[in-house]
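Look at the structure first, then read on.

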Amino acid sequence: MRIWRTSRRELSLERPLVMAILNVTPDSFSDGGRFSDVDSALKQAEQMIADGADIVDIGGESTRPGSSRVSAEDEISRVVPVVAAIAKRIDTPISIDTSKSEVARAAVDAGAEIINDISGLRFDERIAAVAAENKTGLVLMHSRGEFDAMHSQPPVDDIMAEVAADFRRSAWLAVEDGVTAEQIVLDIGIGFGKTLDQNLELIAKLDKLIADFPQFPFLVGTSRKSFIGKLLDDAPPDKRLSGSLASAAIADWNGATILRVHDVKETVEVVKIVSAAKHAGKNEIDG
Ligand code: 7PM
């Protein structure tokens, strides 16, 4: 049986898990921590869990094209009160979406049990030490270029080969710093320095990549991303639900074991259909 080990539990990967996205990005009046911000994040988390979320992923730094980096201090003041409030009331595993070790450490101290690093240890390798010390889960996502240039990288020729090579490097760095294989999850980083065709290729051939890394589970996040908008006559993010679900189904079918999404309820239904199809033809009694 496949498992993913976090600091607080062992997650079964028998069926794909749904990771719900909870953004704690600032409004112009606040750098976070206000009661109303924390309370609305808590309510959102509760709704997503009621909808079937297995993990809540909390992020305080936008990696949107053109956004500027926030300081570790600002990011901590945004996310830590939210992590603490949710961890205190709810037993669902919390993941912290950050590429700064100071933020990761503060969030883990507040109750996060998974570190989700969109840089795959490229921006701050000390993330690995925080994961090792606390025995948290560790998501190593593939991305290209420095923070400010992540979305403007000249395309590489062979994306499958590049992602595989970078996974080897990230996973090796993590293991070298004391993270065990059971803590690590790999993520193809849809939308980060890839062309439309390369995003599609990564999802369509995900099974091939997974076959090269049989020891690690794979996470895929396509939800509302711009490649979907491009395929749907420039649909804005709030009009990308069907596209998000279709791409989630393909990723699930091709072996992804964690899906990172905005629309939890709908994705849970997709997972049910894909799982049923995966088990078809085994002569079980009709459900
Ligand atoms: C703007 C651009 C806002 C991109 C938000 C994003 C992933 C992630 C993100 C992913 C993992 C988003 C992204 N994407 N972490 N964090 N995998 N592990 O659409 O694909 O949420 S940020």
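How do the residues of the lining of the largest cavity divide into nonpolar, polar and charged? They split into 5 nonpolar, 2 polar and 1 charged. The model is predicted. The points below take the cavity, then the pocket, then the ligand.

**The cavity**

- The structure holds 1 cavity of 30 Å³ or more.
- The volume of the largest cavity is about 30 Å³.
- Its lining is made up of Val220, Thr222, Ser223, Ala248, Ala251, Leu259, Arg260 and Val261.
- Two elements each give two or more residues to this lining: α9 (241-253) and β10 (258-261).
- β10 gives the most, with 3 residues.
- Arg260 is part of the cavity lining, and Arg260 is also listed among the closest residues to the ligand.

**The pocket**

- The largest pocket is the space taken by the ligand.
- About 990 Å³ of space lies in this pocket.
- Its lining counts 40 residues.
- Nearest the centre of the pocket lie Thr63, Arg64, Pro65, Phe192 and Lys225.
- Three elements each supply two or more lining residues: β3 (17-23), α6 (196-204) and α8 (226-231).
- By class, the pocket lining holds 10 nonpolar, 20 polar and 10 charged residues.

**The ligand and its shell**

- The ligand is surrounded by 13 residues.
- The closest are Asp97, Asn116, Asp187, Lys225 and Arg260.
- This shell divides into 5 nonpolar, 3 polar and 5 charged residues.

**Polar atoms at the ligand**

- Asp187 has a side-chain N or O atom 2.6 Å from a nitrogen atom of the ligand.
- Lys225 has a side-chain N or O atom 2.6 Å from an oxygen atom of the ligand.
- Gly221 takes part through its backbone, where an N or O atom lies 3.5 Å from an oxygen atom of the ligand.
- How much of the ligand does the protein bury? Taken alone, the ligand exposes 480 Å², and the protein buries 90% of that.

**In short**

Note on methods:
Residues are numbered from 1 along each chain as its sequence is written. This is a predicted model: local features need pLDDT of at least 70, side-chain atom pairs count only at pLDDT 80 or more; totals for chains, interfaces and linings use all residues. Side-chain values use heavy atoms; hydrogens and water are left out. A residue is near a molecule or strand if one of its heavy atoms lies within 4 Å of it. A polar contact is a pair of N or O atoms within 3.5 Å; within protein, one must be able to donate a hydrogen and the other to accept it, and residues adjacent in sequence count only if both atoms are side-chain atoms. Accessible areas come from the Shrake-Rupley method with a 1.4 Å probe; for residues, only the protein chains shown count as cover. On a 1 Å grid over the protein atoms alone, a cavity is a set of points where a 1.4 Å probe fits but cannot get out, and a pocket is an open set with protein on both sides within 12 Å along at least five of seven lines; lining residues have an atom within 4 Å of a point. A molecule sits in a cavity or pocket if more than half of its atoms lie within 2 Å of its grid points. Ala, Val, Leu, Ile, Met, Phe, Trp, Tyr, Cys and Pro count as nonpolar, Asp, Glu, Lys and Arg as charged, and the others, Gly among them, as polar. Grid points are joined across faces, edges and corners, and a volume is the space filled by probe spheres set on the points. Helices (H or I, at least four residues) and strands (E, at least two) are DSSP runs, numbered from the N terminus.
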